Amino acid sequence: MATKLWRTEEVGLFDINFDTGERYWSYELRRILGLPRDTPADFHLLLQRVHPEDRRAFCELAMQTFRPDCPAHKTTEFRIVRGDGDAHWVHTERVSIFRSNDAHDVVRIVGFVVEITQPTKHQRAWELVDSFA
């Protein structure tokens, strides 16, 4: 299986620190979302960019970081809708960083986002399972 290597300017980075409230989105992430370079990192703004049919699943994924069963690594794909109305698929990789006292308490998440042409088979299966919930 061939692996695609992305150029740096195609990879959007994010870093959210729940303890300090600091939020970082790279310029590339803002470009992927179709936002101006000086737009602050904001969850509600991101949620507005998530395709309406993917929002419920996206919110469940986002809230997973506050549950005790949060995995250390999560991969997902969903659609975003830019200001021009065009929908685009994105692939995300998220790493959860836990508090050092073994409480399984997420204090920070970091990851990247890249545009993809279509969802993987794994994503389609995830959507199918979600549709029966």
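Q: What makes strand 1 and strand 5 a pair?
A: Six antiparallel bridges link strand 1 (residues 12-17) with strand 5 (residues 106-116). Two strands pair if DSSP finds at least two bridges between them, so these two pass with six. By the way, this is a predicted model, where local features need pLDDT of at least 70 and side-chain atom pairs count only at pLDDT 80 or more, while totals for chains, interfaces and linings use all residues. Residues are numbered from 1 along each chain as its sequence is written, and side-chain values use heavy atoms, with hydrogens and water left out.

Q: How do you know what counts as a helix or a strand here?
A: They are DSSP runs numbered from the N terminus: helices are H or I with at least four residues, and strands are E with at least two. Counted that way, the chain has four helices and five strands. Along the sequence they follow the pattern β-β-α-α-α-β-β-β-α.

Q: What other strands are joined to strand 5?
A: Strand 4 (residues 87-98) is, running antiparallel to strand 5 with ten bridges between them. One of the facing pairs is V95 and V110.

Q: How many bridges does strand 4 share with strand 3?
A: Nine, again in the antiparallel sense. Here F78 stands across from V90 in strand 4. The two strands make a hairpin with five residues between them, and in it G85 takes a positive phi near 90 degrees.

Q: What links strand 1 to strand 2?
A: Three bridges, with the strands running antiparallel.

Q: Why is R82 called buried rather than exposed?
A: R82 has a relative accessible area of 16%. Buried means under 20%, exposed over 50%, and partly exposed in between (1.4 Å probe, protein chains only). So R82 lands in the buried class. It is found in the loop between strand 3 and strand 4.

Q: How do you know what R82 touches?
A: Contact means heavy atoms within 4.5 Å. Not counting residues up to four places away in sequence, R82 touches several residues, including R31, R49, H88 and E115.

Q: Is Q64 buried or exposed, and why?
A: Its relative accessibility is 13%, so Q64 counts as buried. Q64 lies in the loop between helix 3 and strand 3, and it touches C70, P71, K74 and R94, leaving aside residues up to four places away in sequence. The C-alpha atoms of Q64 and V106 are 9.8 Å apart, although 42 residues separate them along the chain.

Q: What makes strand 1 mostly covered?
A: Five of its six residues are buried.

Q: How do you know which side of helix 3 the buried residues are on?
A: The buried residues of helix 3 are A57, F58, L61 and A62. They cover an arc of only 140 degrees around the axis (from the directions of the helix axis to the C-beta atoms), which puts them on the same side of helix 3.

Q: Why is a space called a pocket and not a cavity?
A: On a 1 Å grid over the protein atoms alone, a cavity is a set of points where a 1.4 Å probe fits but cannot get out, whereas a pocket is an open set with protein on both sides within 12 Å along at least five of seven lines. The largest pocket here holds about 560 Å³, where volume means the space filled by probe spheres set on the points, which are joined across faces, edges and corners.

Q: What lines the largest pocket?
A: Its lining has 29 residues, with I16, F43, L46, F58 and I109 nearest the centre. A lining residue has an atom within 4 Å of a point.
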